[in-house]
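User: Hi! I'd like to learn how to read the features of a structure like this one. Could you take me through it step by step?

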Amino acid sequence: MSEQRRLAVIVVRNDSSTPQPNMAEVMDLVLFSPSSIARYFKESAEDYFQLARVDFFGPYDVTLPMAPSSRDVGIEAARNAAVGAGVDLGPYDGTVVFAFPGTGYDGGAYGSAAFLPATSDFTFFCHEVGHVLGLDHSYGIFTTGADWIDNNQPDYFPVYGDPYDLMSSATFGDANPTTARPAADVPAAHPSWGSAPPHIARALLHHQKPAALEDKGRVVHVSESQDVTTTLYPVGTATDGKPELVVFHPTGEDGAGHGRVYVEYRQPFDHNAYSRWDEGLADTDQPGARDRCGVIVHTIVDQPGVTPGPVVWYAGRIVFPTPDTDVAVDTPLGQVHVGVTQEFGQTTRPGFVRVRVRRHSAPSVTVRTTSMDTTSVIRTERRPHPGWEWAGDFTWETRETVRETTYTPVTVGIGGTSPIDAESSVVVSWFVGGTQVFGPSPSIPLTLPDGRVVTLEATLHPTTRVLTLSNHPADGDIDVSVVARASAADGSGEVFATSAYSVQARTSGWGSDWDRFMDFWYRITHPVPRERIGPPDPGDPLARFDPLAEVARQQLERVREAYAELVRVSPAVSENVRSVMADQERMLQPQRLRSVDVQRRVG
Ligand SMILES: [Zn+2]
């Protein structure tokens, strides 16, 4: 199913001292450029709105009352100008007026029409055309974006409070999710046409035009009685079999959807062609911060004074990477927890996420550790190996190890109640050997139980709270506890996870010459040919296959390889065992094997 739309685009000039509007530029803006308004809706609304007919009329000169005047007056003036020029507006179910320059006039939608000052921006154009197509506002974070009381006091309203939805333009809950259209699509005379909006939130699209997503199989419905984990793909994936929206239906949800929870995964720009309208989730000014992926959550609530029915309400998010894998969401039917499975929390740009919506979520923190050793030889001496004195001296090494261990925390069921828009309200602290870690890269002095004083070097990431520790080998062996403490910002929900940092800093052992020698010896004493992988090699069909000769050939090759390695690492030892190698060459040479073979047959 889709909705067929026939739009009349009327271009007017309200100030005859300004240049004539350029119709080709308006046509590109609406229809033809690769980032046109029509393209935005095609890509963000799953092709649901079929623009069966879009015709352009004008430019006409019109006289408007003094600015700002209301938008319906401008729409009426434009329609009259078109009709006066002989246009039949009967076939169209929507009217979009571009006013040049339109400066200072009240722009916006009015019923199935919109009055758009050409000096406004592309994000605004898409928002108002969204109204013409039948979309209503989204809600959430209280902002001053709608100061309708106009009393010079900041008045806070939840409308326009969704940071990630076109229908909260241009306030977006005081976030800044807009991006830029390609420069080639933006006329030099209209730089404001360069701004681009975020996607239409899947939540809003589904709430207001469910068929747009249902007909394409983009929705997974989960009821409260099920405890399921669902795979969710980025908004704009637009691929069959890849859902872009999870709808959680609480027990007791009514026909209007009160208390329903929507979950979607937003990923900026370059992963999929269609996800290009999204600019990343974080709204801090840190470099690159707007490039982050995440899960966003909406619920359906009543908003007094808004008709008809309940509205789509932005309720929180999970921004990757983060230790905090879930967000608590207040709904008219109580609190629910929306989370991703643990493996996704600390990833940067997952191709998909696994989502779970639950009524209750027990607080916990878990820590994944990985270690990397850098070992260096600080001293060598040559000594005979007991029992192998005849082979000569081998290297005895004294080694030092620097072990870098990384501790990655993942929390569940802590903090993050909507509508707080912080990335996370979870606090993760670390204690190494009982000492708390502060700052991004501290040195941590520790007194061990045996009285030794050692120092560990740490790094602690400010947002992911990933800790790394490394040792100074001269300090000797270390084995200390590493404890993660996680809680909400107010200290509630405190949980702990205990791990350890352990390193053998000073070790000794035989060097690589001994390893190579043992390998050589092993190949002599274990003459087993390597397994051949794959089907038998037919070889030369005329040659008679001699299995015994083939085994010997492979064995000789293996021993020669090992000997060559031994020569490389220890010329002295290889010289001492040269006679052993010579024996192998003699025993395994093909001519000798054939004669053995013959003798056996004769015998
Ligand atoms: Zn609006």
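## Reading the model, feature by feature

Analyst: Happy to. Let's start with a strand that is covered on both faces: in S14, Gly-294, Ile-296, His-298 and Ile-300 are buried on one side, and Val-295, Val-297, Thr-299 and Val-301 are buried on the other. Keep in mind that this is a predicted model.

User: How many residues of S14 are buried?

Analyst: Eight of its eight residues, so to read burial we need the cut-off: buried means under 20% relative accessible area. S14 is mostly covered by that reading.

User: Which way does S14 run relative to S13, and how many bridges join them?

Analyst: The general idea comes before the case. Strands of a sheet pair through backbone hydrogen bonds, either parallel or antiparallel. Here S13 and S14 are antiparallel and joined by six bridges.

User: What is the strand order in the five-stranded open sheet?

Analyst: The order is S2-S1-S3-S5-S4, and the pairing is mixed. S2 (49–61) and S4 (108–110) are the edge strands, each pairing on one side only. On average, neighbouring strands of this sheet are turned by 20° against each other, direction ignored. A parallel example is S1 (residues 3–13) with S3 (residues 94–100), joined by seven bridges. Within that pair, Ala-8 has Thr-95 in S3 as its bridge partner.

User: What is the order in the open sheet of four strands?

Analyst: That sheet reads S11-S18-S17-S16, with antiparallel pairing. Its edges are S11 and S16 (326–331), each of which pairs on one side only. The twist averages 30° from one strand to the next. S16 and S17 (residues 334–340) pair in the antiparallel sense over six bridges, and Val-329 has Val-336 as its bridge partner in S17.

User: Let's turn to the metal. Which residues coordinate the zinc ion?

Analyst: The zinc ion is coordinated by the NE2 atoms of His-127, His-131 and His-137, at 2.0 to 2.1 Å. The spacing of these donor residues in sequence is H-x3-H-x5-H. Both His-131 and His-137 are buried.

User: Is Arg-276 buried or exposed?

Analyst: Arg-276 counts as buried because its relative accessibility is 17%. Its place is the loop between S13 (261–266) and S14 (294–301).

User: Which residues form an aromatic cluster?

Analyst: One cluster is formed by Trp-388, Trp-390, Phe-394, Trp-396, Trp-510, Trp-514, Phe-517 and Trp-521. Rings can also face charges: the charged end of Arg-181 sits over the ring of Phe-122, 4.3 Å from its centre.

User: One more, please. Is Ala-362 buried or exposed?

Analyst: Ala-362 is exposed, with a relative accessible area of 58%. Ala-362 lies in the loop between S18 and S19 (364–384). Its C-alpha atom is separated by 7.1 Å from that of Val-412, and the two residues are 50 apart along the chain.

Definitions and conventions:
Residues are numbered from 1 along each chain as its sequence is written. This is a predicted model: local features need pLDDT of at least 70, side-chain atom pairs count only at pLDDT 80 or more; totals for chains, interfaces and linings use all residues. Side-chain values use heavy atoms; hydrogens and water are left out. Helices (H or I, at least four residues) and strands (E, at least two) are DSSP runs, numbered from the N terminus. Buried means under 20% relative accessible area, exposed over 50%, partly exposed in between (1.4 Å probe, protein chains only). Donors are N, O and S atoms within 2.8 Å of the metal (3.2 Å for Na, K and Ca); water is not among the atoms, so sites may look incomplete. Rings of Phe, Tyr and Trp (its six-membered ring) pair if their centres lie within 6.5 Å; planes under 30 degrees apart count as stacked, over 60 as edge-to-face and the rest as tilted. A charge sits over a ring if NZ of Lys or CZ of Arg is within 6 Å of the ring centre and within 35 degrees of the ring normal. Two strands pair if DSSP finds at least two bridges between them. Axes are lines fitted to C-alpha atoms, for helices over the stretch in contact, and angles run from 0 to 180 degrees between N-to-C directions.
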